[in-house]
Amino acid sequence: MKLLEGKVAIVTGGSRGIGAAIAKHFAEAGADVAFTYLSSEERAKNIEADLKSLGVNAKAYKSNASSYAEAEALVKTVLEDFGKIDVLVNNAGITRDNLMLRMSEEQWDEVIQTNLKSVFNLTKHCIRSMMRARSGSIINMSSVVGVFGNAGQANYAASKAGIFGFTKSIAKEMGSRNVRCNAVAPGFIETDMTEELDEKTKEAFLAGIPMKRLGQASEVADLCLFLASDMSSYVSGQTISVCGALNC
Ligand code: NAP
């Protein structure tokens, strides 16, 4: 029996990078996967086809995770389409970097809405069915930047640090219903998000990583697979880093 056989997962931001790797890992482990995207329609459709070719049920949904109403509609539709939700991965995230002197209110709001409010939106709407089932695993994608902070990323660091408090609170609220909630804190992972950084910033990051290489999206997905599965049945309220020893 595969690790996630019989389970249904929602992954937000599954059209690229870490979210796409999580969706693939979960499908390979036998899960049915509903995943969202915002603008990468073609990529999302290709990933949907790839996942289906692994023999599981899979569907891509265009849904803005920062919208409470869209999250509510998404969860309702996924429950109709898939019957239940065992695993929620709050992965969707963006950066709008700027030094505080130059950061606009819009840059602040956009990052907080997409990275933090989205976690509330999706959790709020998934939690009832998980509580009824007395089973569930919620995985929130944070960042080592939420632990350390980073110049030019006050908005991003605040959104990712907020996830830690949210995660521990949900773990405490939902523990008696056997619903687990954990945070994952990746370091510097090779995706479109880090591709945007200039070479100088990349070199500075690399110099500080004890393992002297960037991480791969699949290495973050491996941890998510563990947290989604019953192998982590007594792990809740934790933050686990995937960062090549950057955060230790
Ligand atoms: P990425 O390659 O830029 O992909 C971001 C994904 O999020 C895309 O699928 C995108 O959809 C989706 N998305 C963005 N805004 C959305 C919204 N409002 N609603 C729904 N989906 C939305 O990013 P990544 O590097 O894989 O990062 C994934 C997560 O890991 C993020 O939360 C990020 O903060 C976190 N993280 C990344 C790193 C890293 O080094 N890469 C390190 C630490 C933490 P579209 O394709 O449709 O735009």
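Me: In this predicted model, is His125 buried or exposed?

Reply: The general idea is to compare the relative accessible area with a cut-off, and buried means under 20%. In this predicted model, His125 has 16% relative accessibility and therefore counts as buried. His125 is placed in helix 4, which spans residues 105-133, and, leaving aside residues up to four places away in sequence, His125 touches Tyr68, Ala71, Glu72 and Val75.

Me: How should I read the packing of two helices, and what is the case for helix 4 and helix 6?

Reply: A packed pair of helices is described by two quantities, the angle between the axes and the distance between them. For helix 4 and helix 6, the axes come within 8 Å and cross at roughly 15°. Angles under 35 degrees count as roughly parallel, so helix 4 is roughly parallel to helix 6. The crossing of helix 4 and helix 6 is right-handed. On the helix 4 side the contact includes Trp108, Val111, Ile112, Leu116, Val119 and Phe120, and on the helix 6 side the residues include Tyr156, Ser159, Lys160, Ile163, Phe166 and Ile170. Sorted by class, the contact of helix 4 with helix 6 has 15 nonpolar, six polar and one charged residues.

Me: Which residues of helix 6 are buried, and what do the buried residues pack against?

Reply: An α-helix has 3.6 residues a turn, so residues three or four places apart point the same way. In helix 6, the buried residues include Asn155, Tyr156, Ser159, Lys160, Ile163, Phe164, Thr167, Ile170, Ala171 and Met174. The partners of the buried residues in helix 6 are helix 4, strand 5 (136-141), helix 5 (145-148), strand 6 (179-186), helix 7 (192-195) and strand 7 (239-242).

Me: How many residues does helix 6 have, and what does it reach from its first C-alpha to its last?

Reply: Helix 6, residues 154-174, has 21 residues and reaches 30 Å between its first and last C-alpha, which is close to the 30 Å expected at 1.5 Å a residue.

Me: At what angle do the axes of helix 1 and helix 9 cross?

Reply: The axes of helix 1 (residues 17-28) and helix 9 (residues 217-228) come within 8 Å and cross at roughly 50°, and that angle makes helix 1 oblique to helix 9. Helix 1 passes helix 9 in a right-handed crossing. Among the residues that meet, helix 1 brings Ile18, Ala21, Ile22, His25 and Phe26, while helix 9 brings, among others, Val220, Ala221, Asp222, Cys224 and Leu225. By class, the contact of helix 1 with helix 9 has ten nonpolar, three polar and one charged residues.

Me: Where does Ala29 lie, and which residues does Ala29 touch?

Reply: Ala29 lies in the loop between helix 1 and strand 2 (32-37), and with 8% relative accessibility it counts as buried. Not counting residues up to four places away in sequence, Ala29 touches Lys2, Leu3, Leu4, Glu5 and Leu225. The C-alpha atoms of Ala29 and Asp109, which are 80 residues apart along the chain, are separated by 37 Å.

Me: What is the relative accessible area of Lys2, and which residues does Lys2 touch?

Reply: Lys2 lies in the segment before strand 1 (8-11), and, with a relative accessible area of 42%, Lys2 is partly exposed. Setting aside residues up to four places away in sequence, Lys2 touches Glu28, Ala29 and Gly30. The C-alpha atoms of Lys2 and Gly13, eleven residues apart along the chain, are separated by 24 Å.

Definitions and conventions. Residues numbered from 1 in each chain as written. Predicted model: local features only at pLDDT ≥ 70, side-chain atom pairs only at ≥ 80, totals over all residues. Heavy atoms only, no water. Axes fitted to C-alpha atoms, helices over the stretch in contact; angles between N-to-C directions. Helix = DSSP H or I, 4+ residues; strand = E, 2+ residues; numbered from the N terminus. Parallel < 35°, antiparallel > 145°, perpendicular 65-115°, else oblique. Left-handed = near helix turned anticlockwise from the far one by under 90°. Contact = heavy atoms within 4.5 Å. Nonpolar A, V, L, I, M, F, W, Y, C, P; charged D, E, K, R; others polar. Buried < 20%, exposed > 50% of the residue type's maximum accessible area, 1.4 Å probe, protein only. Expected span 1.5 Å × (residues − 1).
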